[in-house]
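Reader: I would like to go through this model with you, strand pairing to begin with. Could you start with the term that we need for it?
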Amino acid sequence: MSLVTHEELKQPSPLLSGPAELRELPEWFHDQQRAAWKQFESLPKPTRKDQAWRFSNVALLDLAPFKFGGTLSEEERTAILERSRGLDEVAGRMIFAGDELIERDVISDQLKKRGVIFQSLERAMVEHTELFRKHFMSQPTILGSAKFAALHQALVSSGTFLYVPRGVEIEQPIEIFHWLNGENASVFPHLLLVTDELAKVTVIEHFRSVNEHAPGFACGVNDLVAGPGAKVTYVCAQNWAENVVALQMNSTVVDHDASAMSLNLHVGSRYSRFESLSRLIGEGGRSDLLAVAVAKHQQEFDARTLQDHISPHTASDLLYKNALDDRARTIFGGLIRVEPHAHFTDAYQKVRNLLLSDDAEANSMPGLEILADNVRCTHGATSGQIDEDELFYLRTRGIPVSVAQRLIVTGFLDEVIQRLNHPAIADHLNRLIEEKFAT
Amino acid sequence: MKTQTKAVDINRSIGDFFYPEAHVRDAGAGLSERTIEYISDVKEDPDWVREFRRRGLKTFLEKPLPTHWASKDLEAIDFDKIRYYLAPGTEAKRSWEEVPDDIKRTFERLGIPEQERKFLAGVEAQFDSEAVYSNIKKAVGEQGVIFVGSTEGLKNYPEIFRKWFGKVIPIADNKFSALNSAVFSGGSFIYVPPGVKVKHPLQAYFRINAENFGQFERTLIIADEGAEVTYMEGCTAPKFNTPTLHSAVVELIALKGAKIQYITVQNWASNVFNLVTKRGLAQENAEVKWIDCNIGSRLTMKYPSVIMKGRKARGEVLSIALANDGQHQDTGAKMIHAADETTSNIVSKSISIGKGRATYRGLVHVPKHLKHCKNNTECDALLINATSRTDTYPAITVRGTGNAVQHEASVSQVSAEQIFYMQQRGLSEAQAMSLSVNGFVNDLVRQFPMEYSVELKRLIELEMEGSVG
């Protein structure tokens with residue numbers, strides 16, 4: 001176990017004052033950051049009139065109150081480490097608090113020997129510059145948040161770099177924690193995951209807040225690359241405090257015969273926008289996009305997805321499920337795009353909303369754009385409520401209404417989680433859902 | 001098995017003709033306040049209509065084109081080159097004998113059989129802007145049904161007309177409804193008194209026969225309590241090289257327990273921009289049903305809507321779109337649930353051939369605190385060639401519990417196995433393809449009135465010609 005600390009003192013200055021020059025990052029990276037900041041400033045703020053932001057509560061995206069994180073005291077650090085509990089068995093772990101890497105459980109020597117690289121983003125830019133530059137934010141942000149991707153690039157200061165070389169299979173998951181610490185603090189989490197041919201890896205990211213009431217801002221970007229024949233599983237457990245505004249832009253590139261699976265669980269934040277771009281660039285590629293959201297109180301979850309079939313003979317399958325209570329809102333804007341010549345595409349997309357209260361609102365925009373022939377594309381969207389018959393059945397078995405409702409909702413969501421086929425992660429996610437119901 | 005001889009009866013050149021124009025009233029090209037005043041003068045509009053037109057023009061000029069979501073092709077419309085009003089100088093006719101011969105010949109080329117004319121309950125045929133021919137069958141008139149041109153309607157029946165005109169589709173609904181509000185002429189006004197069930201469908205044929213001429217008909221149909229009426233609208237147009245704009249506004253009002261069915265077969269020439277706003281209002285227990293077929297035009301943007309305002313109101317859209325080379329059929333439906341126990345159904349089928357593009361754009365809205373609302377949406381798309389394109393963009397908002405909404409869409413193509421099977425039985429590839437496509441739309445077509453389903457099947461066969469092999 002090694003402890004990585006940052007020398008520089010980060011004073012909380014407003015986010016909108018721009019990128020700090022203090023950080024010891026390569027000059028070419030600073031140049032990129034300055035360019036990205038200019039781009040952030042020049043791009044217009046999203047409005048509801050943009051199709052990509054239709055139904056979104058864009059008024060929540062006021063960044064003025066947010067600041068860069070300050071430095072951690074020793075007690076805070078210990079407390080955060082104490083609370084960073086996720087899976088019991090992992091192959092490696094990184095814990096970030098306020099974008100500072102506070103702990104790293106290194107991977108085994110055996111994996112290291114086989115060429116697996118697991119290090120902080122800032123080290124990777126120096127030690128593996130070529131690989132880093134090839135994949136770091138290499139995919140365009142086309143689902144609406146280009147402005148925020150630019151902001152991320154301008155202000156990102158740390159993150160995770162994971163490279164799995166040819167033929168290496170990492171059995172246990174790699175675990176990453178991102179903590180928001182302090183009033184109006186902000187974080188810019190980044191995961192750059194590159195797998196080579198026939199590699200296999202599972203990564204789980206936990207997004208959490210130290211203080212369960214503190215407002216904050218999170219703006220993350222993930223670059224996931226599944227090399228030929230590789231198997232990549234990515235799980236995100238988003239559990240920010242309920243005053244946090246969060247944006248996450250994920251891109252997944254799936255090469256030939258590779259398969260990528262992602263599952264996003266949303267229980268936290270005031271507003272969370274999650275953009276998932278999945279590009280199928282090689283024949284035989286497959287992408288599974290899964291999401292589960294439990295929205296309560298005033299929460300708003302805004303999911304935008306694109307299943308981009310670029311190569312023929314590719315498959316994708318999306319299943320998003322939302323359970324909505326109180327005054328919560330969800331938005332699903334998804335598109336299956338079959339590019340010209342991507343014949344023999346097999347794409348599926350389904351969103352299901354379960355409304356538990358009269359004030360909840362579910363918006364669904366499942367879309368298709370088909371420019372090729374010989375495809376099989378289907379999408380579906382349903383919105384409904386708990387089946388009275390199911391509820392009645394459980395009540396006749398002596399189960400109180402509230403428990404019966406919860407059982408039905410967990411059962412509804414569990415279908416998605418079981419698709420992961422990973423009992424330990426499924427248990428963890430189900431526990432988060434249970435805790436959410438208790439609030 | 002179907003014989004091929006039937007299909008040969010009609011050929012694509014059916015719309016490729018026109019007779020010399022003799023427009024005595026022409027507002028010239030371009031749109032300005034002067035144009036609006038001119039139209040009002042010629043049509044001897046009452047003051048409130050004149051004011052309505054002025055507001056329409058103002059709104060039209062203020063509103064931007066909806067290019068942030070719609071096709072960029074809209075920018076190809078040159079509003080300054082369009083002639084917004086012209087009339088052949090004939091007033092609405094009461095009998096067939098009074099109709100000028102060349103117009104009669106036009107109808108003949110359109111293939112309206114003598115038999116069918118007799119069958120019609122009343123005909124409101126529009127040649128260019130003015131209603132040329134208007135005949136209300138005695139029986140319908142005796143029932144108290146009003147079936148006239150919109151101009152006649154607003155002059156002779158102001159008390160009913162004014163009450164509902166522009167109420168379902170306000171001027172500022174969109175840029176093109178504003179345009180229509182400014183320059184509208186032609187179209188139908190129908191009022192069906194309480195409890196009257198109009199046995200035969202009321203029909204109207206529309207044609208464009210002047211280059212660069214936009215047609216802006218305005219139709220208002222009111223079915224009073226417990227009344228029932230079916231209205232049919234069919235379009236063909238001759239081919240011209242310069243873009244032509246067609247921008248109609250159709251408002252339907254179904255009062256308590258009434259039923260309105262509105263059927264359109266759109267087969268404009270492939271240079272026509274067809275940008276239409278259609279919306280129905282259904283009161284308690286009422287039903288509004290749109291049957292919509294889009295086969296022609298360069299770009300069609302049309303999303304028939306139903307606002308279900310009363311308890312147990314029903315809305316339905318059945319739609320078929322066929323997009324061939326150079327065509328974009330951007331169609332869909334909107335269902336606004338505004339009362340408890342309202343139900344709506346959308347079934348959309350599209351076929352993309354060659355480089356054609358078919359788009360489904362839908363909106364389903366179930367607001368707060370409504371109970372037992374249901375929506376079912378099904379969209380199926382069929383792709384014929386590798387270059388064909390299809391899109392689906394639904395938007396569904398559901399608030400609260402006690403409602404059920406489901407949407408499903410699929411994209412597929414005619415399977416090679418099916419074609420092989422039919423070829424084995426002696427059909428050519430093209431015949432087999434045509435048969436498969438007709439099979440794809442068959443369950444929808446069967447719901448159409450008989451003469452329309454026959455016409456439609458033929459049109460589909462025509463469009464399929466040359467798309468395979």
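Author: Two strands pair if DSSP finds at least two bridges between them. Helices (H or I, at least four residues) and strands (E, at least two) are DSSP runs, numbered from the N terminus.

Reader: And what sort of model is this?
Author: This is a predicted model, in which local features need pLDDT of at least 70 and side-chain atom pairs count only at pLDDT 80 or more, while totals for chains, interfaces and linings use all residues. Residues are numbered from 1 along each chain as its sequence is written, and chains are lettered from A and ligands numbered from 1 in the order in which they are written.

Reader: Which residue stands opposite A:Gly334 in β18(A)?
Author: That residue is A:Thr305. Strand β16 (residues 300-309) of chain A and β18(A) run parallel and are joined by 10 bridges.

Reader: How many bridges join β18(A) to strand β20?
Author: There are 10 bridges between β18(A) and strand β20 (residues 361-370) of chain A, and these two run parallel. Here A:Gly333 stands opposite A:Met365 in β20(A).

Reader: Is β18(A) mostly covered or mostly uncovered?
Author: Strand β18 (residues 329-338) of chain A is mostly covered, with 10 of its 10 residues buried. A residue is buried if 20 or more other C-beta atoms, placed from the backbone, lie within 10 Å of its own.

Reader: Which way do its residues point?
Author: A:Arg329, A:Ile331, A:Gly333, A:Leu335 and A:Arg337 point one way from β18(A), whereas A:Thr330, A:Phe332, A:Gly334, A:Ile336 and A:Val338 point the other way. In a regular strand the side chains alternate between the two faces of the sheet.

Reader: Let us turn to chain B. How many helices and strands are there?
Author: Chain B has 12 helices and 23 strands. Of its 469 residues, 54% count as buried.

Reader: At what angle do helix α2 and helix α3 of chain B pack?
Author: Helix α2 (residues 33-43) of chain B packs against helix α3 (residues 47-62) of chain B at about 155 degrees, with the axes 10 Å apart. Axes are lines fitted to C-alpha atoms over the stretch in contact, and angles run from 0 to 180 degrees between N-to-C directions. α2(B) is therefore roughly antiparallel to α3(B), a term for angles over 145 degrees.

Reader: Which residues make the contact?
Author: B:Glu33, B:Ile36, B:Ile39 and B:Ser40 of α2(B) meet B:Val49, B:Arg50, B:Arg53, B:Arg54 and B:Leu57 of α3(B). Contact requires C-beta atoms, placed from the backbone, to lie within 7 Å.

Definitions and conventions. A residue is buried if 20 or more other C-beta atoms lie within 10 Å of its own, exposed if 12 or fewer, and partly exposed in between; C-beta atoms are placed from the backbone. Angles under 35 degrees count as roughly parallel, over 145 as roughly antiparallel, 65 to 115 as roughly perpendicular and the rest as oblique. Two residues are in contact if their C-beta atoms, placed from the backbone, lie within 7 Å.
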